[in-house]
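Please look through the sequence and the three-dimensional model below before reading on.

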Amino acid sequence: MTVTAKTMTKKITFGLIIIAAAVLVPQAFHIPGVSTPGELFLPMHIPVIIGGFTLGPVFGLAIGLISPIISHLVTGMPPSFRLPFMILELGAYGFMSGFLYKYMQGKKFGIIITLAATMLFGRLVFALALLAASGLFGLAPPLHVGFAWTATVTGIYGIIIQLAYVPFVIYSLERSGFVEKHLKHRKG
């Protein structure tokens with residue numbers, strides 16, 4: 001399927017909106033008394049995953065790679081020591097959600113299967129990046145492979161939010177025809 005200039009412009013515009021959401025949504029989670037709201041609620045993951053679902057794997061990857069960099073430059077979050085790992089993790093989320101959904105779109109439980117596999121893949125990439133960094137640089141805690149498990153357990157509330165919110169948003173966008181009409185998302 002050829003993508004027209006108009007469709008590409010719409011996809012780029014929607015991608016920029018998703019990146020803005022990935023930078024702004026985490027700011028709403030800075031709750032007084034909660035020292036690490038991003039690690040607890042994983043708010044940057046949601047827009048990136050939605051970007052992959054709606055725009056496909058290439059745009060999803062770009063959104064996942066760019067969002068944490070812009071967020072770090074604008075807000076200082078994620079912190080410098082975590083930034084390279086978040087770039088890889090969110091890039092994996094954006095790519096995998098777009099890649100799998102291309103094949104699962106329209107199938108029973110396709111959204112849920114895509115989301116679950118995407119979340120597992122992103123955490124695996126995060127763990128592998130930590131393993132590589134600890135091997136290359138001899139990093140000590142908190143940057144070791146066990147941190148991936150700790151981050152997953154700490155982020156259980158965010159995982160629950162993702163499992164509840166992302167399918168609702170994707171299903172709503174499907175039902176409204178938004179993706180098909182404006183972004184020309186292709187079925188497998």
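F14 has a relative accessibility of 16% and therefore counts as buried, where buried means under 20% relative accessible area, exposed means over 50% and partly exposed lies in between, as found with a 1.4 Å probe on protein chains only. The model is a predicted one, in which local features need pLDDT of at least 70 and side-chain atom pairs count only at pLDDT 80 or more, while totals for chains, interfaces and linings use all residues. Residues are numbered from 1 along each chain as its sequence is written, and side-chain values use heavy atoms, with hydrogens and water left out.

Rings of Phe, Tyr and Trp (its six-membered ring) pair if their centres lie within 6.5 Å, and planes under 30 degrees apart count as stacked, over 60 as edge-to-face and the rest as tilted. Because F14 belongs to helix α1 (residues 5-24) and F178 to helix α9 (residues 178-183), the pair ties together parts that are 164 residues apart in sequence. Helices here are DSSP runs (H or I, at least four residues), as strands are (E, at least two), and both are numbered from the N terminus. F178 counts as partly exposed, because its relative accessibility is 26%.

A second pair is formed by F99 and Y103, whose ring centres are 5.5 Å apart and whose planes are at 70°, so this pair is edge-to-face. Both residues lie in helix α5 (residues 83-104), 4 residues apart, which is about one turn of the helix. An α-helix has 3.6 residues a turn, so residues three or four places apart point the same way. F99, at 34% relative accessibility, counts as partly exposed, and so does Y103, at 41%. Ring pairs also bring in F95, linking F95, F99 and Y103 into a cluster. The count of aromatic pairs comes to 5.

Helix α5 also packs against helix α4 (residues 57-75): their axes come within 7 Å and cross at roughly 155°. Such axes are lines fitted to C-alpha atoms, for helices over the stretch in contact, and the angles run from 0 to 180 degrees between N-to-C directions. The two helices are therefore roughly antiparallel to each other, a term for angles over 145 degrees, whereas angles under 35 count as roughly parallel, 65 to 115 as roughly perpendicular and the rest as oblique. In the contact (heavy atoms within 4.5 Å), residues of α4 including P57, G60 and L61 meet residues of α5 including L83, M86 and F99. The residues of this contact divide into 11 nonpolar, 6 polar and no charged; Ala, Val, Leu, Ile, Met, Phe, Trp, Tyr, Cys and Pro count as nonpolar, Asp, Glu, Lys and Arg as charged, and the others, Gly among them, as polar.

Is helix α3 (residues 45-55) largely enclosed or open? Since 11 of its 11 residues are buried, α3 is largely enclosed by the rest of the structure. After α3 comes G56, whose phi is positive, near 95°. L16, in helix α1, is by contrast exposed, with a relative accessible area of 54%.

For the protein as a whole, the secondary structure comes to 9 helices and 0 strands, and 45% of the 188 residues count as buried.
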